[in-house]
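Please have a look at the sequence and structure first, then read the points in order.

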Amino acid sequence: MGSPRTSHQPKRGSPSLRVPVWYYAILGVITVVGAALIVISLQSPEKPELGDDLISEDDYILGQADAPVTVIEWASLDCEPCLAHVVTTMPQLQQEYVEPGTVRYVFRPLVFDEANHVAAEALYCAGEQGHFWEMRDWLFRHSSEWTAATDAAQFLAEQTARVLGLDGTALEDCLRAEQYSERVDRINAEAMAMGVSRMPFFRINHTLLAGAYPLDVFRPVIDLAQKGDYAMGEADAPVIIMEWSRPTCGYCRQYSLTAKPLIETQFVETGQVRYIFRPYVGDDFSRLVAESVYCAGDQGKFWEMHEWTFANVERLVESADLVQTLAEEGGAELGLDTAVMRDCLLQGRHQVLVAVLQADASLREIPGTPSFLINGRPLAGAYPFETFKQMIEEELSP
Amino acid sequence: MTTPLALRLRMIIGVLALIGLLVAVYLALYENGLSQSLVCPDEGCDKVNTSEYVVLFTVRIAGAELSLKVADLGVIGYTITLIVTLGWMTRREMLRIPVGVILLGLSGFGFLFSLYLTYLEVFKIHALCTWCVSSAVLMTGIFALTVAAWPAERSPAPAQQRH
């Protein structure tokens, strides 16, 4: 057995010493596979569920670019509640949601005076050097120092060169040249146009939140965003309709029986519209009903429960024990685990979420029910299907 | 004509250099703004490949600024290594210089440069880029194999050639 094998082995210095054909085949396969992977990565940039319209080229993103949830923060760099967010909530948010890849975090500076403007520009100048997020932290934590400096540009350049290891000369040159002045102005004009009010101001996919809050307030909103806001329709549909309504509103029920089914069949099911429902909460009754919809959502029956509350509003209004009716009757009719549903309602598991959504409606100045935003364009009232159709088609046309 | 052991080691070096070249091309596309994102388990890739250390030097030619990025140097280095390895796979010399010496020089420089880049990632940028680390590992592998092939490269020339 030994001799035939050794007879084929090339001897040292033998003229037959050559590279086998299979070796070149392996190299060919590696080249083709590698090149294909590179080409694919170039052709299909990672697209988040919400669509990249939220993020602009100006933004620095903390976290994975394809994270399903986008959190955008607007804040001025010397605002005290904003510093509280940076110091307390942000590290937890980063650890729990950004690092695991659930959230991509974007920060946009708001400016109200000259020192703020310089600091905001310095943020982007530091970004050029790969230190956007370190600079943001430093600016928040040392706002009393740079706001008091007579020459903010020089102060920032010297201090951040010393503390963060930035190229101070490059930073100062960048500030003196006002390289990012227009960008900062543009960010502020956009923020004012979209009604950014209290600071820090957040947008978490489709939900607005104003103020510094503990992580417990962010958590249910991020979780909702991660579930795609229980939206109907394709994630990449070009039109997003948001509806605010409540079962006790007669016009809302009228809309849900007339225009809504047609929107669903003609636009949602055809992939042109993504449809998001938001409860409009004005009292304890509507709050508990709204919570029941999210409790049912935990068991995979969000829309079913939403429709059940609209169809059985009279029974709910007359109920002596609303939790009992929602959990035992509604839950049972929809095949839910009624004990889990009851616990969810009694423990107020979605109380914070519904409160945030209520505040979101206030921030958007939703006037009453039913109200709609069609790609951000407001429509208030139970209009006939044709009105919706016209607005959707306007959004669909190039 | 080279020895069978040196040939086998060069075959492995060729595979590593090809993979390294693909990694370097992927990073160079990003560093030069031709792709928008890197597939990476964390933000380390973004942090490293957008840092100030990415640009090695900039020259101004006819009013246009041309920068040589770290990944560009990787593309050049791996390409030369691949060409030398594949082109002179069964030869001892290239332009009268022993191929082993050329590979040792290339991979030695690549290895030291990779060490420097890893130092920057850990101590200056405070982030690790998975692709850059992969490239450093590949270059280290190439260097180690070149060193391992050294005795075989230096062994006496085959008897037939001496005749």
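Predicted model: local features only at pLDDT ≥ 70, side-chain atom pairs only at ≥ 80, totals over all residues.

1. Tyr116(B) sits in helix H4 of chain B (helices are DSSP runs of H or I with at least four residues, strands runs of E with at least two, numbered from the N terminus).

2. Tyr116(B) belongs to a nonpolar surface patch together with Tyr119(B), Val122(B), Phe123(B), Leu128(B), Val133(B) and Val137(B), and their accessible area is about 640 Å² together. Patches take residues with over 30% relative accessible area and no salt bridge; like charges are joined within 9 Å, and nonpolar side chains (Val, Leu, Ile, Met, Phe, Trp, Tyr) within 5 Å. Areas come from the Shrake-Rupley method with a 1.4 Å probe, and for residues only the protein chains shown count as cover. Helix H4 (99-125) and helix H5 (130-154) of chain B each supply at least two residues of the patch, with H4(B) giving the most, four.

3. How confident is the predictor in chain B? The average pLDDT (confidence in each residue, from 0 to 100) is 82, and 85% of the residues score at least 70. Confidence is lowest in helix H6 (residues 159-162) of chain B, at a mean of 43, and highest in helix H3 (residues 70-87) of chain B, at 92. For the complex, the predictor gives an ipTM of 0.85 and a pTM of 0.62.

4. Turning to chain A, you will find 19 helices and nine strands. Of its 398 residues, 51% count as buried.

5. Asp58(A) and Arg183(A) form a salt bridge, at 3.6 Å from N to O (a side-chain nitrogen of Lys or Arg within 4 Å of a carboxyl oxygen of Asp or Glu). Asp58(A) lies in the loop between helix H2 (21-43) and strand S1 (61-62) of chain A and Arg183(A) in helix H9 (residues 181-193) of chain A, so the pair ties together parts 125 residues apart in sequence. Asp58(A) is buried, at 15%, and Arg183(A) is buried too, at 17%.

6. A few notes on conventions: residues are numbered from 1 along each chain as written, while chains are lettered from A and ligands numbered from 1 in the order written. Local features need pLDDT of at least 70 and side-chain atom pairs 80 or more, whereas totals for chains, interfaces and linings use all residues; side-chain values use heavy atoms, leaving out hydrogens and water.

Terms used
Buried < 20%, exposed > 50% of the residue type's maximum accessible area, 1.4 Å probe, protein only.
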